[in-house]
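Please look at the sequence and the 3D structure below before reading on, and keep both in view while you follow the text.

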Amino acid sequence: MKSNSKKQNPRQRHVPERSCIACREKKSKRDLIRLVSSTGFVEIDLKGKGAGRGVYLCPMRECWETGLKGNRLEHALQAKLASENRQVLVEYGQNLPRKRENHS
Ligand SMILES: [Zn+2]
């Protein structure tokens, strides 16, 4: 059994952590893709600087599939996701690698 003692390091640099809305894993903001809802349209905010309410997804296909299923994203963003808007996000997700680390 591994004992992972996570000591609070007072000199630790502040790395903001966010959790993916699909797998709920906590990661640093840099390792996630931010989606932001501005003016009722959900956009992929690659710079992470878009104004508005943001949610995060892992850059992995599975998380996008899960995150875009049902109304999870809408619920998290408290926004309506039009079907064409959803399609843009689904297509983006389809270009992401699968989680499985099986490069062949
Ligand atoms: Zn995830």
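What follows is a walk through this predicted model, beginning with the chain as a whole and then turning to the sheet, the loops and the helices.

The protein chain holds three helices and five strands, and when these elements are read from the N terminus on, their order is β-β-β-β-β-α-α-α. Of the 104 residues in the protein chain, 20% are buried. If we take the contacts between residues at least 6 apart in sequence, we find that 51% of them join residues that are at least 24 apart.

Let us begin with the sheet. Three strands form an open sheet in the order S4-S3-S5, and their pairing is antiparallel. The edge strands are S4, residues 41–45, and S5, residues 53–57, each of which pairs on one side only. As you go from one strand to the next, the twist averages 30°.

Strand S3, which covers residues 33–38, runs antiparallel to S4 and is joined to it by five bridges; in this pairing, Arg 34 stands opposite Asp 45 of S4. S3 also pairs with S5 in the antiparallel sense, again over five bridges, and here Ser 37 is the residue that stands opposite Arg 53 of S5. Is strand S5 mostly covered or mostly open? Four of the five residues in S5 are buried, so that this strand is mostly covered by the cut-off of 20 or more other C-beta atoms within 10 Å.

The loops deserve a careful look as well. In the loop between S2 and S3 you will find Asp 31, which is partly exposed because 14 other C-beta atoms lie within 10 Å of its own. Although Asp 31 and Pro 59 are 28 residues apart in sequence, their C-alpha atoms are 7.5 Å apart in space.

Most residues other than glycine have a negative phi. Arg 24, however, has a phi near 70°, which is a positive value in a residue other than glycine, and Gln 78, which is not a glycine either, has a positive phi of about 50°. Arg 24 lies in the loop between strand S1 (17–19) and strand S2 (26–28), while Gln 78 is found in the loop between helix H2 (72–77) and H3. Are these residues buried or exposed? Arg 24 counts as exposed because it has 8 C-beta neighbours inside 10 Å, and Gln 78 counts as exposed because it has 9.

We come last to the packing of helices. Two packed helices are described by the angle between their axes and the distance between the axes. Helix H1, residues 61–68, packs with helix H3, residues 83–94, at an angle of about 160°, and their axes are 8 Å apart. Because an angle over 145 degrees counts as roughly antiparallel, H1 and H3 are described as roughly antiparallel to each other. The crossing in which H1 passes H3 is left-handed.

Which residues meet where H1 and H3 pack? On the side of H1 they are Arg 61, Trp 64, Glu 65 and Leu 68, and these meet Arg 86, Leu 89, Val 90, Gly 93 and Gln 94 in H3. Sorted by class, this contact is made up of four nonpolar, two polar and three charged residues.

Methods. Residues are numbered from 1 along each chain as its sequence is written. This is a predicted model: local features need pLDDT of at least 70, side-chain atom pairs count only at pLDDT 80 or more; totals for chains, interfaces and linings use all residues. Axes are lines fitted to C-alpha atoms, for helices over the stretch in contact, and angles run from 0 to 180 degrees between N-to-C directions. Helices (H or I, at least four residues) and strands (E, at least two) are DSSP runs, numbered from the N terminus. Angles under 35 degrees count as roughly parallel, over 145 as roughly antiparallel, 65 to 115 as roughly perpendicular and the rest as oblique. A crossing is left-handed if the near helix is turned anticlockwise from the far one by less than a right angle, and right-handed if clockwise. Two residues are in contact if their C-beta atoms, placed from the backbone, lie within 7 Å. Ala, Val, Leu, Ile, Met, Phe, Trp, Tyr, Cys and Pro count as nonpolar, Asp, Glu, Lys and Arg as charged, and the others, Gly among them, as polar. Two strands pair if DSSP finds at least two bridges between them. A residue is buried if 20 or more other C-beta atoms lie within 10 Å of its own, exposed if 12 or fewer, and partly exposed in between; C-beta atoms are placed from the backbone.
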